[in-house]
Amino acid sequence: MLNIKLIRENPELVSEALTKRGEDTSSLNKILDIENRRRDLLKDVEEMRQKRNTISQEIGRLKKEGQDTSSVMAEAKKISDDMSASEESLRDLETQVRDILLLIPNIPDASVPVGKDETDNVEERTWGDIRQFDFEPKNHWDIGEDLDILDFERAGKIAGARFVICKGGGARLERALINFMLDLHTGEHGYTEILPPVLVNRDAMTGTGQLPKFEDDLFKLDESDAKGYLLIPTAEVPVTNIYREEILRDDVLPIYHTAYTPCFRREAGSHGKDTRGLIRLHQFNKVELVKFVKPEHSYDELESLTQHAEEVLKKLGLPYRVVTLCTGDIGFSAAKTYDLEVWFPAQGKYREISSCSNFVDFQARRADIRFKTGGEKGTEFVHTLNGSGLAVGRTLAAILENFQEKDGSVIIPEVLIPYMGTDKITKG
(Lines give C-alpha, C1' and ligand atoms only; values in the text may rest on other atoms or scores of the structure.)
Protein backbone atom coordinates (compact mmCIF):
# COMPACT_ATOMS: atom_id res chain seq x y z
CA MET A 1 0.00 0.00 0.00
CA LEU A 2 1.28 3.45 -0.86
CA ASN A 3 1.80 6.10 1.78
CA ILE A 4 -1.16 8.51 1.61
CA LYS A 5 1.26 11.31 2.44
CA LEU A 6 3.17 10.56 -0.78
CA ILE A 7 -0.04 10.78 -2.84
CA ARG A 8 -1.09 13.97 -1.06
CA GLU A 9 2.27 15.72 -1.41
CA ASN A 10 3.45 14.29 -4.76
CA PRO A 11 0.37 13.42 -6.84
CA GLU A 12 2.20 14.10 -10.11
CA LEU A 13 4.95 11.62 -9.21
CA VAL A 14 2.43 8.89 -8.35
CA SER A 15 0.36 9.63 -11.47
CA GLU A 16 3.45 9.36 -13.69
CA ALA A 17 4.44 6.06 -12.05
CA LEU A 18 0.96 4.58 -12.58
CA THR A 19 0.94 5.77 -16.20
CA LYS A 20 4.24 3.96 -16.79
CA ARG A 21 2.57 0.83 -15.46
CA GLY A 22 -0.32 1.31 -17.87
CA GLU A 23 -2.71 1.92 -14.95
CA ASP A 24 -5.71 4.22 -14.77
CA THR A 25 -4.92 7.30 -12.66
CA SER A 26 -8.50 8.44 -12.02
CA SER A 27 -8.42 6.88 -8.55
CA LEU A 28 -5.85 9.47 -7.48
CA ASN A 29 -8.26 12.39 -7.91
CA LYS A 30 -10.92 10.46 -6.03
CA ILE A 31 -8.62 9.60 -3.16
CA LEU A 32 -7.35 13.19 -2.93
CA ASP A 33 -10.93 14.50 -2.80
CA ILE A 34 -11.84 12.07 -0.01
CA GLU A 35 -8.60 12.81 1.81
CA ASN A 36 -9.26 16.58 1.69
CA ARG A 37 -12.75 16.02 3.12
CA ARG A 38 -11.29 13.74 5.77
CA ARG A 39 -8.69 16.30 6.82
CA ASP A 40 -11.31 19.09 6.99
CA LEU A 41 -13.59 16.88 9.07
CA LEU A 42 -10.71 15.90 11.34
CA LYS A 43 -10.03 19.58 11.97
CA ASP A 44 -13.71 20.10 12.86
CA VAL A 45 -13.65 17.14 15.24
CA GLU A 46 -10.53 18.45 16.97
CA GLU A 47 -12.16 21.88 17.36
CA MET A 48 -15.31 20.28 18.81
CA ARG A 49 -13.21 18.23 21.20
CA GLN A 50 -11.39 21.33 22.38
CA LYS A 51 -14.70 23.20 22.80
CA ARG A 52 -16.20 20.28 24.75
CA ASN A 53 -13.21 20.28 27.10
CA THR A 54 -13.63 24.00 27.67
CA ILE A 55 -17.36 23.58 28.43
CA SER A 56 -16.60 20.67 30.78
CA GLN A 57 -14.32 22.96 32.76
CA GLU A 58 -17.07 25.62 32.76
CA ILE A 59 -19.61 23.08 34.09
CA GLY A 60 -17.23 22.17 36.88
CA ARG A 61 -16.78 25.83 37.82
CA LEU A 62 -20.53 26.53 37.82
CA LYS A 63 -21.28 23.49 39.97
CA LYS A 64 -18.61 24.52 42.43
CA GLU A 65 -20.24 27.95 42.70
CA GLY A 66 -23.72 26.41 43.06
CA GLN A 67 -25.03 27.92 39.83
CA ASP A 68 -27.48 26.45 37.27
CA THR A 69 -25.65 24.28 34.68
CA SER A 70 -28.60 23.00 32.61
CA SER A 71 -28.06 25.24 29.57
CA VAL A 72 -24.31 24.60 29.51
CA MET A 73 -24.84 20.87 29.89
CA ALA A 74 -27.33 20.91 27.01
CA GLU A 75 -24.73 22.65 24.87
CA ALA A 76 -22.12 20.05 25.90
CA LYS A 77 -24.51 17.22 24.97
CA LYS A 78 -25.13 18.75 21.53
CA ILE A 79 -21.39 19.05 20.93
CA SER A 80 -20.88 15.42 21.99
CA ASP A 81 -23.66 14.25 19.69
CA ASP A 82 -22.28 16.26 16.77
CA MET A 83 -18.80 14.98 17.50
CA SER A 84 -19.98 11.35 17.57
CA ALA A 85 -21.66 11.79 14.19
CA SER A 86 -18.56 13.47 12.76
CA GLU A 87 -16.29 10.74 14.13
CA GLU A 88 -18.47 8.13 12.44
CA SER A 89 -18.23 10.05 9.16
CA LEU A 90 -14.49 10.33 9.70
CA ARG A 91 -14.16 6.55 10.11
CA ASP A 92 -16.21 6.08 6.93
CA LEU A 93 -13.91 8.41 4.96
CA GLU A 94 -10.82 6.64 6.35
CA THR A 95 -12.28 3.31 5.21
CA GLN A 96 -12.94 4.75 1.75
CA VAL A 97 -9.35 5.98 1.52
CA ARG A 98 -7.97 2.59 2.57
CA ASP A 99 -10.24 0.70 0.17
CA ILE A 100 -8.92 2.76 -2.75
CA LEU A 101 -5.31 2.53 -1.55
CA LEU A 102 -5.57 -1.27 -1.50
CA LEU A 103 -6.26 -1.22 -5.26
CA ILE A 104 -3.36 1.06 -6.24
CA PRO A 105 -0.17 -0.79 -7.25
CA ASN A 106 3.33 -0.06 -6.06
CA ILE A 107 5.53 2.59 -7.63
CA PRO A 108 8.29 1.08 -9.82
CA ASP A 109 11.84 1.88 -8.84
CA ALA A 110 13.62 4.43 -11.04
CA SER A 111 15.88 1.65 -12.38
CA VAL A 112 12.91 -0.33 -13.81
CA PRO A 113 12.76 -0.04 -17.63
CA VAL A 114 9.63 1.61 -19.02
CA GLY A 115 7.61 -0.67 -21.29
CA LYS A 116 4.18 -2.05 -22.13
CA ASP A 117 4.59 -5.82 -21.73
CA GLU A 118 7.06 -8.72 -21.55
CA THR A 119 8.51 -7.82 -24.96
CA ASP A 120 10.02 -4.73 -23.31
CA ASN A 121 11.77 -6.64 -20.51
CA VAL A 122 15.55 -6.25 -20.44
CA GLU A 123 17.93 -9.22 -20.48
CA GLU A 124 20.63 -8.73 -17.84
CA ARG A 125 22.72 -11.88 -18.26
CA THR A 126 22.71 -15.49 -19.36
CA TRP A 127 24.36 -18.55 -17.86
CA GLY A 128 25.17 -22.01 -19.17
CA ASP A 129 25.64 -23.56 -22.58
CA ILE A 130 22.53 -24.48 -24.52
CA ARG A 131 22.85 -28.15 -25.44
CA GLN A 132 22.95 -29.07 -29.12
CA PHE A 133 21.03 -32.32 -29.58
CA ASP A 134 21.84 -34.91 -32.26
CA PHE A 135 18.16 -35.89 -32.18
CA GLU A 136 14.84 -34.05 -32.02
CA PRO A 137 14.30 -33.18 -28.33
CA LYS A 138 10.89 -34.08 -26.93
CA ASN A 139 8.61 -32.01 -24.72
CA HIS A 140 8.78 -32.84 -21.03
CA TRP A 141 5.20 -34.15 -20.96
CA ASP A 142 6.00 -36.68 -23.68
CA ILE A 143 9.19 -37.69 -21.88
CA GLY A 144 7.32 -38.07 -18.57
CA GLU A 145 4.51 -40.12 -20.09
CA ASP A 146 6.92 -42.33 -22.05
CA LEU A 147 8.88 -43.04 -18.84
CA ASP A 148 5.61 -43.55 -16.96
CA ILE A 149 6.59 -40.95 -14.33
CA LEU A 150 3.94 -38.30 -15.17
CA ASP A 151 0.25 -39.08 -15.57
CA PHE A 152 -1.95 -36.21 -16.72
CA GLU A 153 -4.86 -38.35 -17.90
CA ARG A 154 -5.54 -40.02 -14.56
CA ALA A 155 -4.97 -36.73 -12.70
CA GLY A 156 -7.71 -35.28 -14.92
CA LYS A 157 -10.00 -38.12 -13.89
CA ILE A 158 -9.35 -37.33 -10.23
CA ALA A 159 -9.39 -33.53 -10.32
CA GLY A 160 -9.71 -32.12 -13.84
CA ALA A 161 -7.50 -30.25 -16.28
CA ARG A 162 -4.19 -28.67 -15.17
CA PHE A 163 -3.33 -31.36 -12.60
CA VAL A 164 -0.68 -34.08 -12.69
CA ILE A 165 0.24 -37.29 -10.88
CA CYS A 166 3.96 -37.78 -10.39
CA LYS A 167 4.85 -41.43 -9.90
CA GLY A 168 7.95 -43.56 -9.48
CA GLY A 169 11.03 -41.66 -10.61
CA GLY A 170 8.94 -38.54 -11.18
CA ALA A 171 7.69 -38.44 -7.60
CA ARG A 172 11.20 -39.18 -6.33
CA LEU A 173 12.67 -36.39 -8.50
CA GLU A 174 10.08 -33.91 -7.23
CA ARG A 175 10.94 -34.82 -3.63
CA ALA A 176 14.68 -34.72 -4.36
CA LEU A 177 14.39 -31.21 -5.78
CA ILE A 178 12.46 -29.95 -2.75
CA ASN A 179 15.01 -31.37 -0.32
CA PHE A 180 17.97 -30.16 -2.39
CA MET A 181 16.60 -26.61 -2.60
CA LEU A 182 15.81 -26.43 1.12
CA ASP A 183 19.21 -27.86 2.08
CA LEU A 184 20.97 -25.33 -0.19
CA HIS A 185 19.09 -22.30 1.10
CA THR A 186 19.34 -23.26 4.78
CA GLY A 187 22.85 -24.69 4.65
CA GLU A 188 24.62 -22.21 2.36
CA HIS A 189 22.45 -19.11 2.05
CA GLY A 190 21.46 -18.54 5.68
CA TYR A 191 17.68 -19.00 5.52
CA THR A 192 15.58 -20.47 8.31
CA GLU A 193 13.18 -23.16 7.13
CA ILE A 194 9.48 -22.56 7.73
CA LEU A 195 6.61 -25.01 7.28
CA PRO A 196 3.56 -22.68 7.24
CA PRO A 197 -0.19 -23.25 6.87
CA VAL A 198 -1.44 -23.49 3.29
CA LEU A 199 -4.85 -22.16 4.36
CA VAL A 200 -4.92 -18.47 5.25
CA ASN A 201 -7.47 -15.80 6.11
CA ARG A 202 -8.35 -12.72 4.08
CA ASP A 203 -6.17 -10.44 6.20
CA ALA A 204 -3.12 -12.47 5.20
CA MET A 205 -3.99 -12.29 1.50
CA THR A 206 -4.60 -8.54 1.83
CA GLY A 207 -1.26 -8.04 3.57
CA THR A 208 0.75 -9.37 0.63
CA GLY A 209 -1.44 -7.81 -2.06
CA GLN A 210 -3.46 -10.73 -3.45
CA LEU A 211 -6.66 -9.18 -2.10
CA PRO A 212 -8.78 -7.39 -2.97
CA LYS A 213 -7.59 -6.97 -6.56
CA PHE A 214 -6.86 -10.59 -7.50
CA GLU A 215 -9.65 -12.49 -5.78
CA ASP A 216 -10.61 -14.31 -8.99
CA ASP A 217 -7.16 -15.94 -9.12
CA LEU A 218 -7.60 -17.60 -5.71
CA PHE A 219 -9.13 -20.90 -4.60
CA LYS A 220 -11.50 -20.63 -1.64
CA LEU A 221 -12.78 -23.37 0.62
CA ASP A 222 -16.30 -21.98 0.39
CA GLU A 223 -17.16 -19.65 -2.49
CA SER A 224 -20.23 -18.40 -0.62
CA ASP A 225 -18.23 -17.45 2.48
CA ALA A 226 -16.66 -14.00 2.01
CA LYS A 227 -14.67 -14.41 5.24
CA GLY A 228 -13.58 -18.02 4.84
CA TYR A 229 -10.20 -19.64 4.33
CA LEU A 230 -8.29 -19.40 1.06
CA LEU A 231 -5.62 -21.72 -0.39
CA ILE A 232 -2.27 -20.01 -0.81
CA PRO A 233 -0.97 -19.20 -4.31
CA THR A 234 2.57 -19.06 -2.89
CA ALA A 235 4.35 -19.41 0.46
CA GLU A 236 5.01 -15.67 0.24
CA VAL A 237 1.56 -15.16 1.79
CA PRO A 238 1.84 -17.10 5.08
CA VAL A 239 5.56 -16.46 5.56
CA THR A 240 5.32 -12.69 5.09
CA ASN A 241 2.33 -12.57 7.43
CA ILE A 242 4.24 -14.28 10.23
CA TYR A 243 5.14 -10.80 11.45
CA ARG A 244 1.89 -9.02 10.58
CA GLU A 245 1.01 -6.28 13.10
CA GLU A 246 4.33 -6.70 14.90
CA ILE A 247 7.16 -4.33 15.77
CA LEU A 248 10.46 -6.16 15.36
CA ARG A 249 13.63 -5.38 17.24
CA ASP A 250 16.27 -3.58 15.23
CA ASP A 251 18.87 -6.26 15.96
CA VAL A 252 16.84 -9.17 14.51
CA LEU A 253 17.00 -7.78 10.96
CA PRO A 254 17.61 -9.00 8.37
CA ILE A 255 15.36 -12.07 8.63
CA TYR A 256 15.66 -14.76 5.92
CA HIS A 257 13.01 -17.49 5.64
CA THR A 258 12.58 -20.31 3.14
CA ALA A 259 9.52 -22.53 2.85
CA TYR A 260 8.31 -25.45 0.79
CA THR A 261 4.56 -25.56 0.19
CA PRO A 262 2.06 -26.76 -2.35
CA CYS A 263 0.57 -23.75 -4.15
CA PHE A 264 -2.86 -23.31 -5.69
CA ARG A 265 -3.85 -20.97 -8.53
CA ARG A 266 -6.94 -20.70 -10.67
CA GLU A 267 -4.84 -19.47 -13.60
CA ALA A 268 -7.65 -17.06 -14.47
CA GLY A 269 -7.11 -15.60 -17.92
CA SER A 270 -4.78 -18.42 -19.04
CA HIS A 271 -7.35 -20.21 -21.21
CA GLY A 272 -5.52 -21.85 -24.09
CA LYS A 273 -2.06 -21.17 -22.62
CA ASP A 274 0.23 -24.07 -21.66
CA THR A 275 -2.62 -26.55 -21.65
CA ARG A 276 -0.14 -29.44 -21.64
CA GLY A 277 2.68 -30.14 -19.26
CA LEU A 278 3.86 -28.78 -15.92
CA ILE A 279 4.20 -25.06 -16.69
CA ARG A 280 0.74 -23.84 -15.64
CA LEU A 281 -0.99 -26.14 -13.14
CA HIS A 282 -3.71 -25.43 -10.60
CA GLN A 283 -1.63 -27.20 -7.92
CA PHE A 284 2.17 -27.23 -7.85
CA ASN A 285 5.06 -27.33 -5.41
CA LYS A 286 7.40 -24.42 -4.80
CA VAL A 287 10.26 -23.45 -2.52
CA GLU A 288 10.01 -19.79 -1.59
CA LEU A 289 12.56 -17.28 -0.29
CA VAL A 290 11.34 -14.36 1.87
CA LYS A 291 13.34 -11.52 3.41
CA PHE A 292 12.56 -8.82 5.96
CA VAL A 293 15.22 -6.11 5.87
CA LYS A 294 16.01 -2.52 6.76
CA PRO A 295 15.08 -0.03 4.00
CA GLU A 296 18.63 1.08 3.27
CA HIS A 297 19.67 -2.50 2.43
CA SER A 298 16.71 -3.75 0.39
CA TYR A 299 18.12 -3.34 -3.11
CA ASP A 300 21.39 -5.04 -2.15
CA GLU A 301 19.24 -7.78 -0.63
CA LEU A 302 17.35 -8.11 -3.93
CA GLU A 303 20.62 -8.79 -5.74
CA SER A 304 21.64 -11.48 -3.23
CA LEU A 305 18.15 -13.03 -3.25
CA THR A 306 18.34 -13.33 -7.03
CA GLN A 307 21.78 -14.89 -6.79
CA HIS A 308 20.47 -17.45 -4.30
CA ALA A 309 17.77 -18.51 -6.76
CA GLU A 310 20.32 -18.56 -9.60
CA GLU A 311 22.58 -20.85 -7.59
CA VAL A 312 19.93 -23.58 -7.71
CA LEU A 313 19.98 -23.51 -11.51
CA LYS A 314 23.76 -23.37 -11.65
CA LYS A 315 24.17 -26.41 -9.39
CA LEU A 316 21.63 -28.29 -11.51
CA GLY A 317 23.45 -27.30 -14.70
CA LEU A 318 20.36 -25.74 -16.29
CA PRO A 319 20.94 -22.87 -18.77
CA TYR A 320 19.03 -19.72 -17.86
CA ARG A 321 18.84 -15.99 -18.25
CA VAL A 322 17.95 -13.12 -15.91
CA VAL A 323 15.65 -10.34 -17.13
CA THR A 324 14.49 -7.13 -15.48
CA LEU A 325 10.73 -6.76 -15.81
CA CYS A 326 9.52 -3.50 -17.34
CA THR A 327 6.89 -1.22 -15.82
CA GLY A 328 4.11 -2.82 -17.83
CA ASP A 329 4.98 -6.39 -16.78
CA ILE A 330 5.97 -5.96 -13.14
CA GLY A 331 3.69 -7.40 -10.47
CA PHE A 332 1.11 -5.37 -8.52
CA SER A 333 3.08 -5.22 -5.24
CA ALA A 334 6.62 -5.07 -6.62
CA ALA A 335 8.90 -2.05 -6.97
CA LYS A 336 11.46 -4.07 -8.97
CA THR A 337 11.55 -7.67 -10.21
CA TYR A 338 14.11 -9.94 -11.81
CA ASP A 339 12.73 -13.00 -13.59
CA LEU A 340 14.86 -16.12 -13.94
CA GLU A 341 13.99 -17.95 -17.13
CA VAL A 342 15.26 -21.48 -17.76
CA TRP A 343 15.90 -22.91 -21.23
CA PHE A 344 13.39 -25.40 -22.64
CA PRO A 345 14.96 -27.07 -25.71
CA ALA A 346 11.75 -28.59 -27.10
CA GLN A 347 10.14 -25.14 -27.14
CA GLY A 348 13.35 -23.44 -28.18
CA LYS A 349 12.93 -20.62 -25.67
CA TYR A 350 13.39 -19.51 -22.09
CA ARG A 351 10.48 -19.88 -19.66
CA GLU A 352 10.05 -18.22 -16.25
CA ILE A 353 11.04 -20.35 -13.28
CA SER A 354 11.46 -17.68 -10.59
CA SER A 355 10.47 -14.07 -9.92
CA CYS A 356 12.61 -12.20 -7.39
CA SER A 357 11.05 -8.97 -6.17
CA ASN A 358 11.65 -6.06 -3.83
CA PHE A 359 8.35 -4.71 -2.49
CA VAL A 360 10.03 -1.97 -0.42
CA ASP A 361 7.49 -0.93 2.27
CA PHE A 362 4.38 -1.72 0.16
CA GLN A 363 3.50 -5.05 1.82
CA ALA A 364 4.76 -3.99 5.25
CA ARG A 365 2.46 -0.96 5.19
CA ARG A 366 -0.54 -3.19 4.32
CA ALA A 367 0.39 -5.78 6.95
CA ASP A 368 1.73 -3.26 9.51
CA ILE A 369 5.18 -4.83 9.92
CA ARG A 370 7.58 -2.38 11.52
CA PHE A 371 10.88 -2.31 13.38
CA LYS A 372 12.32 -0.14 16.13
CA THR A 373 14.76 2.37 14.67
CA GLY A 374 16.21 3.81 17.85
CA GLY A 375 15.93 7.23 16.25
CA GLU A 376 13.42 10.08 16.40
CA LYS A 377 10.84 8.16 14.36
CA GLY A 378 10.74 5.35 16.88
CA THR A 379 9.51 2.78 14.38
CA GLU A 380 9.70 2.35 10.61
CA PHE A 381 8.20 -0.09 8.12
CA VAL A 382 10.47 -2.96 7.12
CA HIS A 383 11.12 -3.75 3.47
CA THR A 384 10.01 -7.18 2.27
CA LEU A 385 11.37 -9.25 -0.59
CA ASN A 386 10.66 -12.68 -1.98
CA GLY A 387 11.46 -15.01 -4.83
CA SER A 388 10.95 -18.57 -5.94
CA GLY A 389 13.87 -20.71 -5.07
CA LEU A 390 12.51 -22.48 -7.23
CA ALA A 391 9.18 -23.56 -8.72
CA VAL A 392 9.66 -27.31 -8.36
CA GLY A 393 7.46 -28.60 -11.20
CA ARG A 394 9.01 -26.26 -13.74
CA THR A 395 12.47 -27.28 -12.54
CA LEU A 396 11.55 -30.93 -12.99
CA ALA A 397 10.25 -30.16 -16.48
CA ALA A 398 13.49 -28.36 -17.36
CA ILE A 399 15.56 -31.33 -16.17
CA LEU A 400 13.54 -33.76 -18.27
CA GLU A 401 14.00 -31.67 -21.40
CA ASN A 402 17.62 -30.60 -20.96
CA PHE A 403 18.96 -33.99 -19.80
CA GLN A 404 16.94 -36.32 -22.02
CA GLU A 405 18.80 -38.99 -23.97
CA LYS A 406 18.09 -40.44 -27.39
CA ASP A 407 16.94 -43.74 -25.86
CA GLY A 408 14.25 -41.89 -23.86
CA SER A 409 16.06 -41.96 -20.51
CA VAL A 410 16.90 -38.86 -18.45
CA ILE A 411 20.26 -38.18 -16.81
CA ILE A 412 20.02 -36.97 -13.20
CA PRO A 413 22.09 -33.84 -12.40
CA GLU A 414 25.06 -34.80 -10.27
CA VAL A 415 23.95 -32.71 -7.29
CA LEU A 416 20.67 -34.66 -7.09
CA ILE A 417 22.15 -38.17 -7.24
CA PRO A 418 22.52 -38.44 -3.42
CA TYR A 419 18.84 -37.56 -3.09
CA MET A 420 17.71 -39.85 -5.91
CA GLY A 421 19.93 -42.86 -5.29
CA THR A 422 20.41 -43.20 -9.06
CA ASP A 423 22.05 -41.27 -11.87
CA LYS A 424 19.38 -41.95 -14.48
CA ILE A 425 15.63 -42.42 -14.93
CA THR A 426 14.78 -45.17 -17.34
CA LYS A 427 11.56 -46.84 -18.33
CA GLY A 428 10.45 -49.90 -16.40
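Helices α3 and α4 are roughly antiparallel to each other, because the angle between them falls in the class over 145 degrees. The model is a predicted one, in which local features need pLDDT of at least 70 and side-chain atom pairs count only at pLDDT 80 or more, while totals for chains, interfaces and linings use all residues. Residues are numbered from 1 along each chain as its sequence is written, and side-chain values use heavy atoms, with hydrogens and water left out.

## Exercise 1

Describe how α3 and α4 cross, and what classes of residue make their contact.

*Solution.* Begin with the axes, which are lines fitted to C-alpha atoms over the stretch in contact, with angles from 0 to 180 degrees between N-to-C directions. Those of α3 (residues 26-64) and α4 (residues 70-101) come within 8 Å and cross at roughly 155°. Next, the crossing is left-handed, the term used if the near helix is turned anticlockwise from the far one by less than a right angle. Finally, the contact residues divide into 19 nonpolar, five polar and 13 charged, where Asp, Glu, Lys and Arg count as charged, Ala, Val, Leu, Ile, Met, Phe, Trp, Tyr, Cys and Pro as nonpolar, and the others, Gly among them, as polar.

## Exercise 2

Classify the packing of α7 against α10 and name residues that make the contact.

*Solution.* The axes of α7 (residues 169-187) and α10 (residues 298-316) come within 11 Å and cross at roughly 125°. The contact (heavy atoms within 4.5 Å) involves residues of α7 including Phe 180 and Met 181, and residues of α10 including Val 312 and Leu 316. By class, the contact residues comprise six nonpolar, two polar and two charged.

## Exercise 3

Determine which element gives the most to the lining of the second largest pocket.

*Solution.* At least two lining residues are supplied by each of α6 (152-158), β3 (165-166), α7 and β9 (283-293), and β9 gives the most, with three residues. The lining as a whole has eleven nonpolar, three polar and one charged residues.

## Exercise 4

Conventions. Helix = DSSP H or I, 4+ residues; strand = E, 2+ residues; numbered from the N terminus. Parallel < 35°, antiparallel > 145°, perpendicular 65-115°, else oblique.
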